[in-house]
Amino acid sequence: MFHAGDQIENPVTGERIVFHETSAETNGERVVFETIVQPGGFVASAHLHPFQTERFEVLEGTLGMRRGKEKVELGAGETIVVEPGTAHKFWNAGGGEVRFICVVTPALQFERLIATMYRLAAAGKTNRKGIPNPIRLAVIANHHFDDVRLPTVPHKLQKLALVLGAPAGRAVGYSPTFDPAPGELASATA
């Protein structure tokens, strides 16, 4: 799917990712990418990764992050690690772009999840926070339950809701991935 050097952009959240190492290139051990977040940009929602560790190393600008109950601002040269199961979110806390390297270990289906969410945003199929409608989100979240979860709802309750909601989403034609027609998002991906 992705190769080192490939890019994808989320025009709603102001994020752009440049892949350095992909899951295919590391045999699933990790995915490494640079994220560039525009002023006012943010990750779509607070979330957690039940089985993955994320390491953020700031290259330029100011990265705001909430990790669990801790709120921090990181500058160039600073690093933060988010352990599996830890709720987190990030945003651009400065006036210019913030750039950071992120390493996700193990890769699992992280790249596919990012591709789906960013492409939906680029196609105008999300709200102003970058989140698709609840029925479509149920299909995606059910498929990616090992990759990402909500931090505030108990996991068993989330899974129950997704098991019930995902079939409804599939019945109306939603897929756990979003692959636009060739050329449809030419300006949003490189």
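This is a predicted model: local features need pLDDT of at least 70, side-chain atom pairs count only at pLDDT 80 or more; totals for chains, interfaces and linings use all residues.
Residues are numbered from 1 along each chain as its sequence is written, and side-chain values use heavy atoms, with hydrogens and water left out.

Three helices and nine strands make up the secondary structure, where helices (H or I, at least four residues) and strands (E, at least two) are DSSP runs numbered from the N terminus. Their order along the sequence is β-β-β-β-β-β-β-β-β-α-α-α. The radius of gyration, 16 Å, is close to the 16 Å given by the globule rule for 190 residues, so the protein is as compact as a globular protein of that length. This radius is taken over C-alpha atoms, and the rule is 2.2 Å times the number of residues to the power 0.38. Of the 190 residues, 43% count as buried, meaning under 20% relative accessible area with a 1.4 Å probe, protein chains only. Among contacts (heavy atoms within 4.5 Å) between residues at least 6 apart in sequence, 69% join residues at least 24 apart.

A search of the whole structure finds six aromatic pairs. Rings of Phe, Tyr and Trp (its six-membered ring) pair if their centres lie within 6.5 Å; planes under 30 degrees apart count as stacked, over 60 as edge-to-face and the rest as tilted. Phe56 and Phe100 form a tilted pair, with 5.4 Å between centres and 50 degrees between the planes. Phe56 belongs to strand 4 (residues 53-60) and Phe100 to strand 9 (residues 98-105), 44 residues apart, and the pair links distant parts of the chain. Both residues are buried. One aromatic cluster is formed by Phe2, Phe19, Phe33 and Phe110.

Thr116, in helix 1 (residues 110-122), is buried at 0% relative accessibility. Its C-alpha atom is separated by 5.2 Å from that of Thr177, 61 residues away along the chain. Not counting residues up to four places away in sequence, Thr116 touches Ile140, Pro176, Thr177 and Phe178. Thr126 lies in the loop between helix 1 and helix 2 (134-143) and is buried, with a relative accessible area of 18%.

Methods:
Buried means under 20% relative accessible area, exposed over 50%, partly exposed in between (1.4 Å probe, protein chains only).
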